[in-house]
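Welcome! Here is a short tour for anyone meeting this protein for the first time.

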Amino acid sequence: MEADGLGLKGFPELKNDTFLRAAWGEETDYTPVWCMRQAGRYLPEFRETRAAQDFFSTCRSPEACCELTLQQPVSYFLQPLRRFPLDAAIIFSDILVVPQALGMEVTMVPGKGPSFPEPLREERDLERLRDPAVVASELGYVFQAITLTRQRLAGRVPLIGFAGAPWTLMAYMVEGGGSSTMAQAKRWLYQRPQASHQLLRILTDALIPYLVGQVVAGAQALQLFESHAGHLGPHLFNKFALPYIRDVAKQVKARLQEAGLAPVPMIIFAKDGHFALEELAEAGYEVVGLDWTVAPKKARERVGKMVTLQGNLDPCALYASEEEIGQLVKQMLDDFGPQRYIANLGHGLYPDMDPEHVGAFVDAVHRHSRLLRQN
């Protein structure tokens, strides 16, 4: 059993720590692998479990989140682990629970995605937001889901917690949903820079205790999703995204130490943020996630060996034959090298993907990475 600084949690001993060792930069016997959105709509079990449930109602149900993570009754996050020998689980939740906890209404519209009926349009709209200090208490259901899931994992693999980065959350809150340009959110950056920084600070102050709370609840690693990094060029990214990404890592680590909790590896995934790889590698995270537009060898040359890299197979490669998937995985592993590397896709799994091809991807990573170490 493990104990933390706040008392005995009663979690089973971890049996497979390969993912954590790779994240910390330690040598591993093979390359660990997990998939973003691995507890998702591509699994028939997921669709059956979620069929009659509202998305955010599901997120607020610890039992449902556990079922979806594990993909077995009472564990969403366990569902994929039942099918595939993945080396980590990620809790079933959503980055937009944070804006909800700040008092904004968010709905999930079938065929469209997340929608904010009343987005932030004017600077005065910031007054509608709750004090960020209350966010963690509003998100107790996430912590309960993490604890329940960690217990039911029975030490099989580590459990990853996550959140959206401040700029990505701001973009949704201002746009009112997804956008191909994020023009309304970027208009704020240019026309209301002071208000933009105020909003980004509110989000950062909400995220820090939320992520710490996930670790207290049982998360063994944390990933920060900067999903809309690609909408910002280097100038805007360095001004409005990077400082808050850095502050999240710095403050989460400091608060864990203050609470007497062991540190956990942190992952930053900035989609389409290839222009900021060097800065991300120095932002305080142990792992930098890459999307599929980045060449692995060039990424390693740019960041050196001080961080672990994660990624980055094109998700659409899973539409290929199982034989071709194996060939693509082999090339990816050769390019990344055997150590300081966690295999993943360059983005999340898509709903129409064949679970058998996901299994082929996972098996290929394990098989080829073992062969790579023998050479």
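Predicted model: local features only at pLDDT ≥ 70, side-chain atom pairs only at ≥ 80, totals over all residues.

Just after helix 11 comes Gly-218, with a positive phi of about 135°.

Within helix 11 you will find Leu-203. Is Leu-203 buried or exposed? Its relative accessible area is 0%, so Leu-203 is buried. Leaving aside residues up to four places away in sequence, Leu-203 touches Val-98, Leu-102, Pro-166, Leu-169, Met-170 and Met-173. Val-135 is 68 residues from Leu-203 in sequence, yet their C-alpha atoms are 9.7 Å apart in space.

Now to the charged pairs. The structure holds 11 salt bridges, including these:

| Pair | Closest N and O atoms |
|---|---|
| Arg-21 and Asp-17 | 2.9 Å |
| Asp-125 and Arg-128 | 3.7 Å |
| Arg-302 and Glu-278 | 2.9 Å |

Arg-302 is partly exposed at 34% relative accessibility, and Glu-278 is partly exposed at 30%. Elsewhere, salt bridges with shared partners join Arg-201, Asp-205 and Asp-247 into one network.

Finally, an unreviewed UniProt entry annotates residues 32-41 and 160-176 as "domain: Uroporphyrinogen decarboxylase (URO-D)". Residues 32-41 are 0% helix and 0% strand, whereas residues 160-176 are 59% helix and 29% strand.

Conventions: Residues numbered from 1 in each chain as written. Heavy atoms only, no water. Helix = DSSP H or I, 4+ residues; strand = E, 2+ residues; numbered from the N terminus. Buried < 20%, exposed > 50% of the residue type's maximum accessible area, 1.4 Å probe, protein only. Contact = heavy atoms within 4.5 Å. UniProt positions renumbered as here; feature names shortened; annotations may be inferred. Salt bridge = Lys/Arg side-chain N within 4 Å of Asp/Glu carboxyl O.
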